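Let's take a walk through this structure together, one piece at a time. Have the sequence and the coordinates open as you read.

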Amino acid sequence: MMDEARIWAHLDGLAKPRRSLGRLERLAVDLARSQGRLDPVTQPRRLVLFAGDHGCVVDGCSAWPQAVTGLMVAAICAGRATSNALAAAQRCALRLVDVGMATPPPRAPPAFFRAARVASGTASLAHGPAMDESQFAAAWAIGAEEAEAALGAGCRLLIAGEMGIGNTTPAACLTALLAGCDPEAAVGLGAGGDAALLDRKRAIVSAAVAAARPLLATRPRAAIAALAGFEIVAMAGFFAAGAAGGATLLLDGYVATAGALIAERCAPGTRAAFLAAHRSAEPGHGAALARLGLAPLLDWEMRLGEGSGALVALPLLDSAAALLRDVAPLEAIGAGRAD
Ligand SMILES: Cc1cc2ncn([C@H]3O[C@H](COP(=O)(O)O)[C@@H](O)[C@H]3O)c2cc1C
Ligand SMILES: O=C(O)c1cccnc1
């Protein structure tokens with residue numbers, strides 16, 4: 001990791017009043033530190049979307065049927081989802097990995113799609129462990145492979161996104177387990193719903209976390225696997241391998257942050273590579289970010305996932321990189337310091 005004082009000294013020597021760019025300078029420091037260089041790069045960059053299904057949907061934890069995961073994966077394959085639109089707008093490459101959907105895979109998928117199913121959806125965390133430890137390891141490895149492939153293609157800025165109806169329920173469980181948030185406070189409406197859905201979800205999350213918590217000290221992977229989803233564990237493996245390879249990880253919303261909590265627990269130190277793009281409207285997200293020591297760039301009431309919040313924040317990173325790279329030193333323009 002690069003010394004922060006060196007980065008501040010570089011910024012303070014540029015042709016502008018000292019600290020005149022406010023939080024953009026803080027971001028520039030974090031970006032440079034995460035890549036260990038004074039000229040961090042934001043191109044090429046890649047969003048990897050991981051798709052998976054969740055047994056708990058059958059227990060009524062989402063307002064949407066499980067089939068919507070497959071329909072949205074088809075929409076992403078056709079280039080018609082929010083993630084496609086925002087990735088194109090921000091010149092960000094996109095990949096889509098089926099790490100555990102329950103519906104048949106898309107027919108004639110595009111080149112950016114990868115079939116890598118660990119299983120056809122998790123078991124319901126409302127009735128027992130969502131997955132076993134070998135499935136956890138398989139999902140983690142798929143995510144790690146994706147990060148290594150992106151690094152191999154020259155990407156130093158990585159985003160993980162997800163698609164999986166029901167996945168705000170495992171995200172709430174993991175936030176309660178790993179960020180110490182009260183289970184009830186970790187539960188939000190996710191992709192929509194009413195007060196009855198919220199009550200049902202709270203009961204499911206509270207019971208599942210209570211069952212897994214005793215395992216955390218002695219068998220942390222089993223405790224986490226009991227509450228997770230394949231796409232969430234894949235994001236965790238992606239983050240750990242991306243951080244190990246020296247990349248900046250631009251963190252999306254509540255569900256991606258659940259993956260970040262797993263990564264930090266299983267590969268301590270991963271959190272130094274994160275920049276938090278935004279704070280999701282899901283009520284537990286603030287606690288999850290605080291546990292990782294992250295301050296979000298945006299607070300825009302977004303609650304979609306698919307990497308959307310990270311994509312919206314990308315221009316801020318481009319600006320921070322341009323500042324570090326392209327602004328002349330004050331002395332090069334012949335001016336002395338007044339401030
Ligand atoms: C059409 C549609 C597109 C989405 N894109 C992301 N999500 C997001 O919402 C889902 C999680 O919310 P819950 O836990 O309430 O089901 C995930 O698929 C997540 O990616 C979507 C949800 C829907 C319905
Ligand atoms: O913040 C998120 O990641 C989120 C919120 C609602 C639904 N899906 C994802």
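A word on naming comes before anything else: helices here are DSSP runs of H or I with at least four residues, strands are runs of E with at least two, and both are numbered from the N terminus. Please also keep in mind that this is a predicted model.

With that in hand, let's begin at ligand 2. Which helix gives the most to the shell around ligand 2? It is α11, residues 254–266, with 3 residues. The surroundings of ligand 2 also include Thr 168, Gly 190, Ser 280, Glu 282 and Arg 303. Sorted by class, the shell holds 5 nonpolar, 5 polar and 2 charged residues.

Now turn to helix α5, which runs over residues 133–152. At 1.5 Å a residue, its 20 residues should span 28 Å, and because the end C-alpha atoms are 28 Å apart, expectation and model agree. Among the buried residues of α5 are Phe 136, Trp 140, Ile 142 and Glu 146, along with several alanines such as Ala 138, Ala 139 and Ala 150. What covers them? The cover over the buried residues of α5 includes the strands β1 (45–52), β2 (93–100) and β4 (157–163), as well as the helices α9 (220–227) and α10 (230–244). Just after α5 comes Gly 154, with a positive phi of about 95°.

β1 and β2 run in the parallel sense and share 7 bridges, with Leu 49 standing opposite Leu 96 of β2. β2 also pairs with β3 (residues 113–115), again in the parallel sense, over 3 bridges; here Val 97 stands opposite Arg 114 of β3. β2 itself is mostly covered, with 6 of its 8 residues buried. As you look along these strands, remember that in a regular strand the side chains alternate between the two faces of the sheet.

Most residues other than glycine have a negative phi, and most peptide bonds are trans. Gln 43 and Pro 44, however, are joined by a cis peptide bond, with omega at about -5°. Pro 44 sits in the loop between α2 (23–35) and β1. Ala 108 is not a glycine, yet it has a positive phi of about 50°; this residue belongs to the loop between β2 and β3. Is Ala 108 buried or exposed? Ala 108 counts as exposed because it has 6 C-beta neighbours inside 10 Å. Glu 301, also not a glycine, shows a positive phi of about 60°, and it lies in the loop between α12 (285–291) and α13 (308–326). With 9 other C-beta atoms within 10 Å, Glu 301 is exposed.

Our last stop is helix α8, residues 195–212. The buried residues of α8 are Lys 201, Ile 204, Val 205, Ala 208, Val 209 and Ala 212. Seen down the axis of α8, these buried residues fall within an arc of 120°, so they line one face of the helix. They pack against α6 (168–179), α7 (183–186) and α9. On the face turned away from the buried side, α8 carries the exposed residues Ala 195, Ala 196, Asp 199 and Ala 210.

Key
Residues are numbered from 1 along each chain as its sequence is written. Chains are lettered from A and ligands numbered from 1 in the order in which they are written. This is a predicted model: local features need pLDDT of at least 70, side-chain atom pairs count only at pLDDT 80 or more; totals for chains, interfaces and linings use all residues. The expected span of a helix is 1.5 Å times one less than its number of residues. A residue is buried if 20 or more other C-beta atoms lie within 10 Å of its own, exposed if 12 or fewer, and partly exposed in between; C-beta atoms are placed from the backbone. Two residues are in contact if their C-beta atoms, placed from the backbone, lie within 7 Å. A residue is near a molecule or strand if its C-beta atom, placed from the backbone, lies within 6 Å of it. Ala, Val, Leu, Ile, Met, Phe, Trp, Tyr, Cys and Pro count as nonpolar, Asp, Glu, Lys and Arg as charged, and the others, Gly among them, as polar. Two strands pair if DSSP finds at least two bridges between them. The arc is that of the directions from the helix axis to the C-beta atoms.
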